[in-house]
Amino acid sequence: MLFDLPDFQTLYDALLARDDRFDGQAYVGVSSTGIFCRLTCPARKPKPDHCTFYATIGECIAAGYRPCKRCHPLHAAALADPSIAALLDALEAQPDFRWSEGHIAKMGYDPSTVRRSFRRQFGMTFLEMARQRRLREGFTTLAEGGKVISAQVDASFESASAFRAAFARLLGVAPAALRPDRLMRATWIPTPLGDMIAVASQSHLHLLEFVDRKALPAELARLQAATKEGIGIGAMPPSEQAARELDDYFAARTDRFETPLAAAGSPFTQSVWDALREIPAGETRSYSDIARRIGRPTAMRAVARANGANQIALMIPCHRVIGADGSLTGYGGGLWRKQRLIEIERQLKATV
């Protein structure tokens, strides 16, 4: 069972006091240094505005933080699962290394066991985590105006064709197709539950999805087809606003999203999405609840399809819909992530 984090002030006070009551159950990511620490870390204490608290090491790593070299937060995890801690440590030491199951086996670990352990802890395998981290470096290079060959090098791909193929599998397009001069552009947003891709025009956000969502390439392909010149790469005002609001959301500071959205759908689908946005954070509804809300009490299956067609995650909160029996049911971002989102929002509801 995941630990329910106390409110921000309680955790920040514990950080200042080096309170060991939360050791191993809460960690702090420090935006000014890019590292994460135990709350008992002896290092100089950061300002509260630079702090985000997380319940697991996996969330810290997914958000892009490196482990502190003074308090060694990975050491505690090694007591519970030495293979996870050792591999995370190895990834931190060599973030550009091209890992394979052979390398895992040479370290003395069974690849299938490691695969199951990482999926249970993070919702992805170690190899997927390592590949995603390398692709993020390449994406960032392209977003800053770098050439494809530079992005390939930064992503540590020896082969140009392999880099193009990996990029296309993730985003549905070749890296050269994402030019920085388009009217609609994609950008990469790290979050505590994994990296996200945002696509925005100058005025609206058109897509916000976790990068490991299987439907992402198809969604991007539809957006590509809907624009005459295709999708470019780089930040736009709505995606920058979305990144700020996601920071506040995951830090349990607010449940409000005010980024202007361009959610294209039929009138029925739009009515379902409107109903989703009316569900308060920290609460859930069933498909039948939504169907009754929009005046179509027998249209549960159509509601489920509309829910699944949503391509603006979190801001149109399809994760707040569960089965009539209380089960989590399907979620494109993964059931582990859906569970964590519901828990975050319950914590947020208690503090906002």
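Glutamate 278 and arginine 293 join their side chains in a salt bridge, 2.8 Å from N to O. Glutamate 278 sits in the loop between helix H12 (267-277) and strand S9 (285-286), while arginine 293 belongs to helix H13 (residues 287-293), so the bridge ties together parts that are 15 residues apart in sequence. Glutamate 278 is partly exposed, at 46% relative accessibility. Arginine 293 is exposed, with a relative accessible area of 57%. The model is a predicted one.

The structure holds ten salt bridges. One of them pairs the side chains of arginine 115 and glutamate 101, at 2.3 Å from N to O. Arginine 115 lies in helix H6 (residues 111-122) and glutamate 101 in helix H5 (residues 101-106), so this pair links parts that are 14 residues apart in sequence. Both are partly exposed: arginine 115 has a relative accessible area of 32%, and glutamate 101 has 35%.

Another bridge brings together aspartate 248 and arginine 253, at 3.0 Å from N to O. Aspartate 248 is partly exposed at 27%. Arginine 253 is partly exposed too, at 43%.

Now step back to the whole protein. It has 15 helices and ten strands. Its radius of gyration is 21 Å, close to the 20 Å that the globule rule gives for 352 residues, so the protein is as compact as a globular protein of that length. The C-alpha trace spans about 55 × 50 × 40 Å along its principal axes. Buried residues make up 50% of the 352. The protein exposes about 16600 Å², and carbon and sulfur atoms supply 51% of that area.

Notes
Residues are numbered from 1 along each chain as its sequence is written. This is a predicted model: local features need pLDDT of at least 70, side-chain atom pairs count only at pLDDT 80 or more; totals for chains, interfaces and linings use all residues. Side-chain values use heavy atoms; hydrogens and water are left out. Helices (H or I, at least four residues) and strands (E, at least two) are DSSP runs, numbered from the N terminus. The radius of gyration is taken over C-alpha atoms; the globule rule is 2.2 Å times the number of residues to the power 0.38. Buried means under 20% relative accessible area, exposed over 50%, partly exposed in between (1.4 Å probe, protein chains only). Accessible areas come from the Shrake-Rupley method with a 1.4 Å probe; for residues, only the protein chains shown count as cover. A salt bridge is a side-chain nitrogen of Lys or Arg within 4 Å of a carboxyl oxygen of Asp or Glu.
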